[in-house]
Amino acid sequence: MVRCSRRRSQVALELLIVVYLKGTGLAAWGQTPDALGYSVATPRPISPAEGTTNPSAQATQSQNPYLGSVPSENTGTRIELTLKNAIERGLRFNLGLIESSQASANVRAERLRALSALLPQVSADGQQAYESISFKEIGLKLPPIPGFAGLPSTSGGFGYQDARLSLIQSIYDPRLLNQYPSRRDAERASALNVKDSRDVVVFAVGTAYVQAIASAARVETARAQLTSAVELDRLTVDRVKSELSPEIDSLRAEVKRQSAEQRLVNATNQFQKDKLTLGRIIGLAINQDFNIIDPLSYRPLTGITNETATTKALRSRADLRGAEASLHAAESALRAQKAQRLPIVSVSANYGGAGINVGTFDQVYAVAGTISVPIYTGGRIQADIEQAQADLARREAEYEDLKGRVAYDVRIA
């Protein structure tokens, strides 16, 4: 089972990778960090796909389902997109959440399959048979009788009908009795993983939306800088013509204007990339025209301390609760594998009628109890136990690591 806590960490790690790629790519733009209004030491909000000109970043994006979606049809009109609408669309069309929901459906089916193994299995059977039995094949012989030539070699052709209800019930199977709790805990963990996937989608959509807003602000800043540079260039040209400034000042002003034009082009391109990233996450068609209208003003957090936030996260985070449920499922699975060495008790029965035809049916039935004890399995049971132990140890380590990661996430946030 894919752990949603790992998916959350994967999204966060990709954001950090993108921050690094963006910081190292500034020199290629011929700009300093301050020219775009942020620095590498204090990175601005980054969209999941920023820096995708790097091949490794492109590969990372293509492998993360939370950065993809099932695109909808182009509406043909511009969409005024708020953060609330973007999140609603992400929860509907995001590929990561869709895959997580389908995985949860598969785990639910496994739980139902484990439950069915504990319940009675009832079936109805009917047959019309035509047979000819060889007495020699079954070894049927009669003692010599004077004047009797003996039995024929076959019985000759005959037919009969048979209709029965059959029942098979496991009375005591410790492996099945422990397997069902394991599947039940796995289903609960999967449901919690779906809930955590929704949180991951909200996180990804919110990050992309805020990044698009920041990119739009940088476009406005670059446009204002270009306006100032154009005016400065015009004034410098006038001063040079009036012989009030040397010609080198005109060259400096022209270079500044051209640099401002390039910054505006870069900022505009990045804004369009960030909009495409947001559209991909929330399921908009690639050619869908939309506008971001929610300004998202700053709102300080009050009444939150590191201790209270950590306590609340350890109590309510779905990925941690899902990891705990997965741990219980692994414990039950280990007990189920160990129980393969114990006896299995089952009963089977059938009841119905049989005869030449329905009108001549006679009552027939059969009841059988079975006890099965494994004596030698070639080491299969021991291999299953060792595999379950390894899985349990891995789940325990992941659960303890996740508790530490939760505290780490709170402090970083």
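**Helix packing and salt bridges in a predicted model**

Analyst: Helices H8 and H10 are oblique to each other; angles under 35 degrees count as roughly parallel, over 145 as roughly antiparallel, 65 to 115 as roughly perpendicular, and the rest as oblique. The model is predicted, so local features need pLDDT of at least 70 and side-chain atom pairs count only at pLDDT 80 or more, whereas totals for chains, interfaces and linings use all residues. Residues are numbered from 1 along each chain as its sequence is written, and side-chain values use heavy atoms, with hydrogens and water left out.

User: At what angle do H8 and H10 pack, and how far apart are their axes?

Analyst: Axes are lines fitted to C-alpha atoms, for helices over the stretch in contact, and angles run from 0 to 180 degrees between N-to-C directions. Helix H8 (residues 306–316) and helix H10 (residues 380–412) pack at about 140 degrees, and their axes are 9 Å apart. Helices (H or I, at least four residues) and strands (E, at least two) are DSSP runs numbered from the N terminus. The protein chain has ten helices and six strands.

User: In which hand does H8 pass H10, and which residues meet?

Analyst: A crossing is left-handed if the near helix is turned anticlockwise from the far one by less than a right angle, and right-handed if clockwise. H8 passes H10 in a right-handed crossing. From H8, Asn306, Ala309, Thr310, Ala313 and Leu314 meet Lys403, Val406, Ala407, Val410 and Arg411 of H10, a contact being heavy atoms within 4.5 Å. The residues of this contact of H8 with H10 comprise six nonpolar, two polar and two charged; Ala, Val, Leu, Ile, Met, Phe, Trp, Tyr, Cys and Pro count as nonpolar, Asp, Glu, Lys and Arg as charged, and the others, Gly among them, as polar.

User: How do H6 and H9 pack?

Analyst: H6 and helix H9 (residues 318–338) pack at an angle of about 165 degrees, with axes 8 Å apart. H6 is therefore roughly antiparallel to H9. Their crossing is left-handed, and the residues of the contact divide into nine nonpolar, nine polar and eight charged.

User: How many salt bridges does the structure hold?

Analyst: A salt bridge is a side-chain nitrogen of Lys or Arg within 4 Å of a carboxyl oxygen of Asp or Glu. The structure holds 21 salt bridges. One of them joins Glu187 to Arg108, whose closest N and O atoms are 3.6 Å apart. Because Glu187 lies in helix H6 (residues 174–241) and Arg108 in helix H5 (residues 95–118), this pair ties together parts that are 79 residues apart in sequence.

User: Is Glu187 buried or exposed?

Analyst: Buried means under 20% relative accessible area, exposed over 50%, and partly exposed in between, with a 1.4 Å probe and protein chains only. Glu187, at 18%, counts as buried, and Arg108, at 38%, is partly exposed. Across the protein chain, buried residues make up 36% of the 413 residues.

User: Which residue meets Arg223 in a salt bridge?

Analyst: Arg223 meets Glu220, at 3.0 Å from N to O. Arg223 and Glu220 are three residues apart in helix H6, so about one helical turn separates them. Arg223 is partly exposed at 38%, and Glu220 is partly exposed at 47%. Elsewhere, Asp319 bridges to Arg317 with closest N and O atoms 2.5 Å apart, and both Asp319 and Arg317 are buried. A network of salt bridges also links Asp233, Glu254, Arg257 and Glu261.
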